Amino acid sequence: MGSYLVREAHLLTLDGSGSGLETGDILIEGRHIADIGRSVPADGADVIDGRGMIAMPGLIDTHRHCWGSILRGGACYGNLGDYFAKNVFTYGAAFSPEDNYTSIRFGMAEAVDSGITAVHAWEHNIQTPEHARASLQALRESGMRGRFSYGPSADPESPRSFVQGSETIDLEDVLRLRDEEFSRPGRFDLGIAARGVEFSQEPVWQREFAFAREHGLPITAHSMMTPHDIEHHRSVRIYRDNDALGPDLQLVHCIRVDDEEIRWLAETGTHVSISIMSNLRCGMGLPPVLAMTRAGVAVSLSIDTMGASDNSDMFVAMRVTMGIERARADDGAAYQPSEVLHQATSAGAAYLGLKDATGVLRKGALADVILLRATDLNMAPLNVPDGQVVLCAQPANVDTVFIDGEPRKQAGDLVGLDRRQLVDEATAAMDDLKRRVGVSMA
């Protein structure tokens, strides 16, 4: 691995030091930030001109169904039920292991291009062990960091189906995969994508939770998404009554939690991932993000799926999340850019078990670093850097991406990838799926 010196960038460290806008250098050696400050000696490193750039930690997406990346735009004329019926249970059910691989490879290239350096892969289309391994292979080849959470099947006929499957996910294969692929430290760790209360029959979620905790694996589940969910079962309350909340659990969405449930989430250290763009697109409702944040809940942000969020723009997810909460509070100062940036970076790192190791720029941290062009028309002039990252930035402003000290994007170009080839492969896979399925995507 090489060494790189980013020279004279605007430093947005997000390390809590309160240093504000500074111009300085970042020295990357191997996997880590070796030094950060003014006039850092180059010592033979490749020098990157950071003038007119914002250097900041890479963005962290804490809940994404990576397998669905080629389903962009699917069911966009419908609601959440249409999303599940078409994207998941019709097209998803037809995915081969090769489709999983192609889709994830395509989606992770877009994620890197958009400044995302870590992702929680919430994979609920593991129809066979081969699907699991193809998915993990694509994630690792992308250079991304994160967590692979082994989940259920998208096939509605499978007893391991995502919705109301009568059997647990393939727990025997989880252990095989752990022994085969996770015996040595790497950029990805292993988790359990459980159906949870809303999406499983009565004993299934308990068995999946118990298995995960027996083997020390973090758990994630969707929670309190729709009026139907709270009419039939308030999952946070059920988890609390079963002593199932805790810092090893991430609940996704939590759109309809009340004040008491928010307090339980905070007291137990349970993580919550907010996917505002899919909530809006599918008409699911608005999660009480500010109320959870003020109560001390560990909130992070996520994209969800290309079949419901449609692109990898974490910048728009930040500003929409913040804007909705400001409007709901009738107070433009209620929720600040620094807070939502924390939720898109260091809070995600904490969820992944990487607190202070990534999601910040500081000496000794992992070198997950992005450079944004502050001289682009939509960014200049640079007056309030954290505010403008949240309110102005777009994936097109991402000039350079380092993950684990390796350049994955430089001067606007993805390293080692051909964009046209990626698009052609994804399009061919989708065309083949359309022929096999024979159902409109709209």
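I started with helices, which here are DSSP runs of H or I with at least four residues, while strands are runs of E with at least two, both numbered from the N terminus.

**Ground rules.** I am working on a predicted model, where local features need pLDDT of at least 70 and side-chain atom pairs count only at pLDDT 80 or more, though totals for chains, interfaces and linings use all residues. Residues are numbered from 1 along each chain as its sequence is written, and side-chain values use heavy atoms, with hydrogens and water left out.

**Helix 2.** I looked up residues 97-113, the 17 residues of helix 2, and found 24 Å from first C-alpha to last, close to the 24 Å expected at 1.5 Å a residue. For burial I used relative accessible area: under 20% is buried, over 50% exposed, and partly exposed lies in between (1.4 Å probe, protein chains only). By that cut-off 14 of the 17 residues in helix 2 are buried, leaving this helix mostly covered. After the helix comes Gly 115, with a positive phi near 90°.

**Helix 13.** I then checked residues 337-344, where six of the eight residues are buried. Among them are Pro 337, Val 340 and Leu 341, and also Glu 339 and Gln 343.

**Whole chain.** I counted 16 helices and 17 strands in the protein chain. Its radius of gyration is 21 Å, close to the 22 Å of the globule rule for 442 residues, so the chain is as compact as a globular protein of that length. (That radius is taken over C-alpha atoms, and the rule is 2.2 Å times the number of residues to the power 0.38.) Along the principal axes, the C-alpha atoms fill a box of roughly 60 × 45 × 45 Å. Buried residues make up 57% of the 442. Of the contacts (heavy atoms within 4.5 Å) with a separation of 6 or more, 75% join residues 24 or more positions apart.

**Thr 117.** What does Thr 117 touch, leaving aside its neighbours within four places in sequence? I found Thr 117 in strand 7, residues 116-123, and it counts as buried because its relative accessibility is 0%. Its contacts include Gly 58, Met 144, Asp 368 and Ile 403.

**Gly 143.** This glycine is in the loop between helix 3 (129-141) and strand 8 (145-150), and at 4% relative accessibility Gly 143 is buried. I noted Arg 408 as 265 residues away from Gly 143 in sequence, yet 7.4 Å away in space, C-alpha to C-alpha. Beyond four places in sequence, Gly 143 is in contact with Arg 187, Ile 403 and Arg 408.

**Rings.** I searched the whole structure and got 12 aromatic pairs. (Rings of Phe, Tyr and Trp, the last by its six-membered ring, pair if their centres lie within 6.5 Å; planes under 30 degrees apart are stacked, over 60 edge-to-face, the rest tilted.) Phe 84 and Phe 89 are a stacked pair, 6.0 Å centre to centre with 25° between the planes. Phe 84 is buried at 13%, and Phe 89 is buried at 18%.

Strand 2 (residues 22-29) and strand 3 (residues 32-37) pair antiparallel over five bridges; pairing needs at least two DSSP bridges. Ile 26 stands opposite Ile 36. Two residues lie between these strands, and Gly 30 has a positive phi near 60°.

Definitions and conventions: The expected span of a helix is 1.5 Å times one less than its number of residues.
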